[in-house]
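Dear colleague,

I am passing on the structure that we spoke about, and below it you will find my notes on what was found. Please read them with the model open beside you.

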Amino acid sequence: MTSITEIAPDIYRISTYDPKIDMQFIQFLVKDEEPLLFHTGLKGMFPIVHDAVAKIIDPSQIRWISFSHFEADECGSLNEWLSIAPNAQTVCSPIAAFVSVDDFAIRPSKIMQHAEVLNTGKYSFQFHHTPQVPHGWDAGLFLETSHKTLFCSDLFHQFGDVEAITESDVIERFRQTIVNYEASPFPNYIPYTTHSDACGGLRQRILQELAALKPRTLATMHGSTFVGDGERALQDLAVVLREVLVNQITAT
């Protein structure tokens, strides 16, 4: 079942729940002069995501397609979207373009430098390089600058067929997700090294930089969109990651 919810002005959450793995797969569509799709979904999901987008705009009018990092649920149907939207262009980090996207995609991408702004018409999106946050050398995230919506990718990941929007704390849901992954056949979902989390470490620095943006809406790829104090939520997330992942390493 796919649902559509407007989570911020002209930003639509398209969510498909997969009961086999108890998880929602979510794309975000920005309705503007130059529409932006953040996350494409898996290749096999293209028909249902396409139909959902068609309820909001003409899918062929999509101008920009972006995602955090090169992974199937982030960009698996990228070429399908590029094929049906003749003016669409991928937007990604230089590393993503160099190591994956420009070989995989049927058209060259638009490369975004750190803090560069993409204008879609009424709205502007600031790009932030976030290597290994949530994961992937090539990772990056977008912040809509007017209403402060941060496209979070796998940050704040929650299992279950949860509500589209919540003002309640999602940190404990995220904590349980990370704990479950570490105990599963798929550990190290979010990488941990001393380089990541030591004093002044890369991930801690990136999360603090994202928190300083003071987002009001946290648009996560799996689970509820959080509306509230995004600065505090990102600070709390940094603490949870350190607690859970350090404890896991200590236990082994």
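A residue is called buried here when its relative accessible area is under 20%, exposed when that area is over 50%, and partly exposed in between, with a 1.4 Å probe and protein chains only. Please keep in mind that this is a predicted model, in which local features need pLDDT of at least 70 and side-chain atom pairs count only at pLDDT 80 or more, while totals for chains, interfaces and linings use all residues. Residues are numbered from 1 along each chain as its sequence is written, and side-chain values use heavy atoms, with hydrogens and water left out.

I begin with the aromatic residues. Rings of Phe, Tyr and Trp (its six-membered ring) pair if their centres lie within 6.5 Å, and planes under 30 degrees apart count as stacked, over 60 as edge-to-face and the rest as tilted. The structure holds 11 such aromatic pairs. In one of them, the rings of phenylalanine 46 and tryptophan 81 have centres 5.0 Å apart and planes at 80°, so this pair is edge-to-face. It joins distant parts of the chain, since phenylalanine 46 belongs to helix α1 (residues 46-54) and tryptophan 81 to helix α3 (residues 78-84), 35 residues apart; helices (H or I, at least four residues) and strands (E, at least two) are DSSP runs, numbered from the N terminus. Phenylalanine 46 is buried at 14% relative accessibility, and tryptophan 81 is buried at 0%. Tyrosine 181 and tyrosine 189 form a stacked pair, with 4.3 Å from centre to centre and 20° between the planes. Tyrosine 181 counts as buried because its relative accessibility is 15%, and tyrosine 189 is likewise buried, at 13%. Ring pairs also link Phe28, Phe38, Phe125, Phe127, Phe142 and Phe151 into a cluster.

Turning to the strands, two of them pair if DSSP finds at least two bridges between them. Seven strands make up an open sheet with mixed pairing, in the order β8-β9-β10-β11-β13-β14-β12, and its edge strands, β8 (117-119) and β12 (165-166), each pair on one side only. Within this sheet, β11 (residues 149-153) runs parallel to β13 (residues 217-220) over four bridges, and serine 153 stands opposite threonine 220 in β13. Threonine 217, also in β13, is buried, with a relative accessible area of 7%. Beyond its neighbours within four places in sequence, threonine 217 is in contact (heavy atoms within 4.5 Å) with Ile7, Lys148, Thr149, Leu150, Thr225, Phe226 and Val227.
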